[in-house]
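Here's a quick walk through one protein model, written for someone who likes to know the cut-offs behind the words. Have the viewer open as you read.

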Amino acid sequence: MGITLRYRTLGLLLALLPATCVLATEFQAASPTPSRAAQFDAVFHEVIGPGSMDMTYEAYEADLQQLRALLPIGDRAREVQFRSVYCGSDAWKDTKQGLAYTDDAQHRAREARDLASQARAQLCRVGYVQLLQGTRQALAEANRLVALLQDSQERQLYGEALVQRGGLLSQLGEQAKALLDFQRARASFREAGIDHEVDALLLDMAIAYRRIGDWTQAERYFTNSLKQVQDKQDWDHVVTDLVQLGYLYDESGKPQEAKTAFERAITAAVRSKSALSVANARVGLASAQISLGEHDAALDTLMQASADFRAAQSDGNSDMLLLLTGQALAGKGQHQEALARYAAALPLIEKDGNQRYLALLYQARAASNEALGQPAAALADIKRYSALQTTLQGKMRLEQSRLLEYEYEIRRREFENRRLRAEADAKQQQLTAMEHVRRWQTLALLLGVVLVAMLAGLSWRQWRRSRQLRILAMADTLTGAASRLSIEKTAERALAQASRDGTPVTLLLLDLDYFKAVNDRYGHAAGDAVLCAAVQAWQEQLRGRDALGRIGGEEFAVVCAGATREQAQVIAGRLLDATRALRLPDIDPELRVGTSIGIAEAAPDEASEALFARADAALYRAKQLGRNRVEY
């Protein structure tokens, strides 16, 4: 299986087989001809072009072998290009030999000053380093690749580098950074003219959302990716999507759905004639069977998976085979045998660094130790499990919070970039107009200027009046937030969109606590100043797609399109902290402001009136429970 990320996902890289490379280094002895070189160029452009992003493994490998046959003897430039892609061939069974070939390809590209070939070889190198030295060392290599391409014109390659680095970050638990890289990769692919979603990118994004605990978003991406690869009958990618979907269901407490997904994956893997894919799918099926209490069936499935791994000459997934076998034996009451499997799995899991698997092992080992009457050992493992779970859950919450912050920063930068581009376009148009005006005669110029000035003045006045009317209708004149009519229409549009594509929508209702006391003590002008300050503080905490509106008095609403209740809680917490941090020395240095917040996530096909009513009920609970808090 090839090593370059352009054509593979990082999860599949780990399945490289440790056998002997059978690559021959000599090429055909025929003398180069123009037609041969032209044929080489045509195939090479297929291998590196946008179409290669969604090629099946078999089609991509066939192109590589055709390219090898067409390489003209003595053509150093084309040999550099060839080596930069052949390093990702399935022919490399020995990882160390593949890395040596890759380093030589990169050295030749550097000498030839061929940036694109150097970057393609580095894509290979990242994958080989991950297999030989681990994910963290591979991330350092990926950082070098991104830096190499960042300011280049190779936008497709830059997107591939970002996808590869994002996959590594995701494996290391940095899901927010990974998703940021994936979004940047998507933009870079668009710049390169790739106007569709890339299969590998969709899959990687889905995996990152699964690892961050956003089951709804992950399932949507997996389902979209699965439909794309099924339509193309790309069975290897179908297997990958179904296996990942199975793990999503298993982790989210839906073992029966997980079992069905894994069984479908096995059927697709058999169809693709890949023993390794069948083995990986069986490992997932065994996990679901254990969750369902089907321990005998799980042991049979694991035996079949072991046989499949041997047939594929792969020792991959040994840690999971041992862990799952132990869990199945424990389910049958054979706890001593289970402990032996856990002891063998522990060093493998610790070496890999997967904390979630380590937590599962501690939990399972504690149960077996307790069953065997060894309370001290069981208690020690329960403590290890609890500490690790606390760490994992804290990291998940941190990644969700970071993702919201990154999304806000991306929207802010996009807005700033659009503003700068608009200013640049306006200046360019102004310069062009001046060049044309210079050709006019003096009288025509004066008359034209007068006419344009008059028309511009009239247009500007008309535009200003229309804009003022729109603002009065759609914005609150005091705070600048959306008006009640505007925010209600925004909520209706978000709910309609959610009904069409299944994206979540959450509504926040905010009410400033004891606001009447502020008006009574300091006057209505001071109350207006408090409202304006609160709105400004809230706007700074919202994401670019969140809409804030004033419903009346001191009550406001925020429509969070695309946010689940859990994500909205993070947003509400930031709004609560921002309100508490408000200082108004011009009114009273000792004045402190609080707010109560009610949250409601929209149910399928729910009307906006019902959603507002549920959010209002949550707001009322927040008031009743002491104010200055969030309830849902």
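What follows goes from the whole chain down to a few single residues.

First, the ground rules. This is a predicted model, so local features need pLDDT of at least 70 and side-chain atom pairs count only at pLDDT 80 or more, while totals for chains, interfaces and linings use all residues. Residues are numbered from 1 along each chain as its sequence is written, and side-chain values use heavy atoms, with hydrogens and water left out.

**The whole chain**

On confidence, pLDDT (the predictor's confidence in each residue, from 0 to 100) has a mean of 83 over the protein, and 84% of the residues reach 70 or more. Watch residues 1-32, though: pLDDT stays under 50 there, and the model has 102 contacts beyond four places in sequence for that stretch. Contact here means heavy atoms within 4.5 Å.

The protein has 25 helices and five strands. Helices (H or I, at least four residues) and strands (E, at least two) are DSSP runs, numbered from the N terminus. Of its 632 residues, 48% count as buried. Buried means under 20% relative accessible area, exposed over 50%, and partly exposed in between, with a 1.4 Å probe and protein chains only. Among contacts with a separation of 6 or more, 65% come from residues 24 or more positions apart.

**The cores**

A nonpolar core is a set of buried Ala, Val, Leu, Ile, Met, Phe, Trp, Tyr and Cys residues joined through side-chain atoms within 4.5 Å. The largest one has 91 residues, and Phe189, Phe222, Val283, Tyr342 and Leu361 touch the most other members. There is also a second, separate core of 31 residues, with Ala481, Leu531, Ile597 and Ile599 among them. Back at Phe189, the contacts outside its four-place sequence neighbourhood are Met53, Gln156, Gly159, Glu160, Val163, Ile194, Val198 and Leu201.

How many of the residues of E1 are buried? Eight of the eight in this strand (residues 505-512) are. In a regular strand the side chains alternate between the two faces of the sheet. For E1, both faces are covered: Val505, Leu507, Leu509 and Asp511 are buried on one side, and Thr506, Leu508, Leu510 and Leu512 on the other. Its pairings are below; two strands pair if DSSP finds at least two bridges between them.

| E3 (residues 555-561) | antiparallel | seven | Val505 and Ala561 |

Helix H3 (residues 57-70) passes a simple length check: at 1.5 Å a residue, its 14 residues should span 20 Å, and the end C-alpha atoms are 20 Å apart, which agrees. That expected span is 1.5 Å times one less than the number of residues. The buried residues of H3 are Tyr57, Tyr60, Glu61, Asp63, Leu64, Leu67 and Leu70.

Asp319 sits in helix H16 (residues 318-331). Is Asp319 buried or exposed? Asp319 counts as buried because its relative accessible area is 11%. Beyond four places in sequence, Asp319 is in contact with Ala345, Leu348, Ile349 and Asp352.

Met474 belongs to helix H20 (residues 442-474), and at 37% relative accessibility Met474 is partly exposed. Outside its four-place neighbourhood, Met474 touches Ala482, Ser483 and Ser486. Met474 and Ser486 are 12 residues apart in sequence, with 5.2 Å from C-alpha to C-alpha.
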